[in-house]
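This report looks at packing and open space in one protein chain. It takes the core, then the pockets.

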Amino acid sequence: AARIIQNMDPTADPCKDFYQYACGGWLNRHVIPETSSRYSIFDILRDELEIILKGVLETSDQGDREAFQKAKILYKSCMNESLIEQRDSMPLLEALMMVGDWPVASADWNKTKEPSWSMEEKLSIMNSRFNKRVLIDMFVWNDDRDSSRHIIYIDQPSLGMPSRDYYFNGGNYQRVREAYLQFMITIAKMIREDKNMSKDDFFVQEEMTKVMELETEIAN
């Protein structure tokens with residue numbers, strides 16, 4: 001109750017400006033940070049929670065249960081920027097190898113990888129190891145017809161861009177679409193360079209355009 005009263009402005013006449021009356025105290029005491037487009041009680045609670053979690057994750061993990069230990073290990077691995085810089089692109093290259101390499105960043109993918117490459121196997125690896133659903137989404141959830149049991153759901157996954165509008169509409173959507181394609185091309189070039197492969201901008205452009213066309217077909 002005290003917090004609600006604090007966020008009000010009882011000096012305002014509710015019959016003339018009810019918003020100022022109901023929220024004036026909040027407006028007077030809070031300024032939207034430059035890093036945010038909005039600021040509400042939920043944003044404040046999130047910020048406070050992050051501070052609390054930071055303190056918890058930075059304490060010693062001696063005697064912690066396994067779940068807490070894993071959370072602290074993950075936090076420390078993210079904070080170890082020197083090691084992240086040292087490893088550079090290796091984690092990404094290792095992930096690519098796990099899913100059968102990437103044709104655009106491979107000298108002879110069709111000969112060495114394609115004969116033993118299985119879409120079903122790679123899709124399951126992407127799901128189980130990286131929590132990434134491609135082409136098809138599959139998950140276990142409560143049965144809508146019988147809440148006492150769980151069933152397997154099969155659904156469409158999310159697209160590379162936020163919605164299908166980005167693949168077909170003009171204006172800002174088109175600018176994002178062009179930037180998205182350029183981003184893919186840039187990443188492919190970087191990976192080829194990290195793998196000490198020859199520079200072939202035409203090949204990369206051609207391959208990434210095909211990827212964009214495939215994504216557009218899926219979006220359609």
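## Contacts of M212

Beyond its neighbours within four places in sequence, M212 is in contact with M161, Y167, R177, Y180, L181 and M184. The model is a predicted one.

## The nonpolar core

M212 also stands out in the largest nonpolar core. This core has 16 residues, and M208 and M212 have the most contacts inside it. The most come from α10, which gives six residues. In soluble globular proteins, nonpolar side chains tend to be buried together.

## The largest pocket

Rolling a probe the size of a water molecule over the atoms shows where empty space is left. In this model, the largest pocket holds about 1800 Å³ of space. Its lining counts 39 residues; W102, M126, V134, V211 and E215 lie nearest the centre. α6, α8 (119-130), α10 and α11 each give two or more residues to that lining.

Which element gives the most to the lining of the largest pocket? That is α11, with eight residues. By class, 29 lining residues are nonpolar, seven are charged and three are polar.

## The second largest pocket

The second largest pocket holds about 160 Å³ of space. L74, S77, C78, N80, L83, I84 and R87 line it. Here α4 (66-79) and α5 (81-87) are the elements that give two or more residues. Four of the lining residues are nonpolar, two are polar and one is charged.

How values were computed: Residues numbered from 1 in each chain as written. Predicted model: local features only at pLDDT ≥ 70, side-chain atom pairs only at ≥ 80, totals over all residues. Heavy atoms only, no water. Core = buried A, V, L, I, M, F, W, Y, C linked by side-chain atoms within 4.5 Å. Buried < 20%, exposed > 50% of the residue type's maximum accessible area, 1.4 Å probe, protein only. Helix = DSSP H or I, 4+ residues; strand = E, 2+ residues; numbered from the N terminus. Contact = heavy atoms within 4.5 Å. 1 Å grid on protein atoms, 1.4 Å probe; cavity = no way out; pocket = protein on both sides within 12 Å on 5 of 7 lines; lining within 4 Å. Points joined across faces, edges and corners; volume = space filled by probe spheres on them. Nonpolar A, V, L, I, M, F, W, Y, C, P; charged D, E, K, R; others polar.
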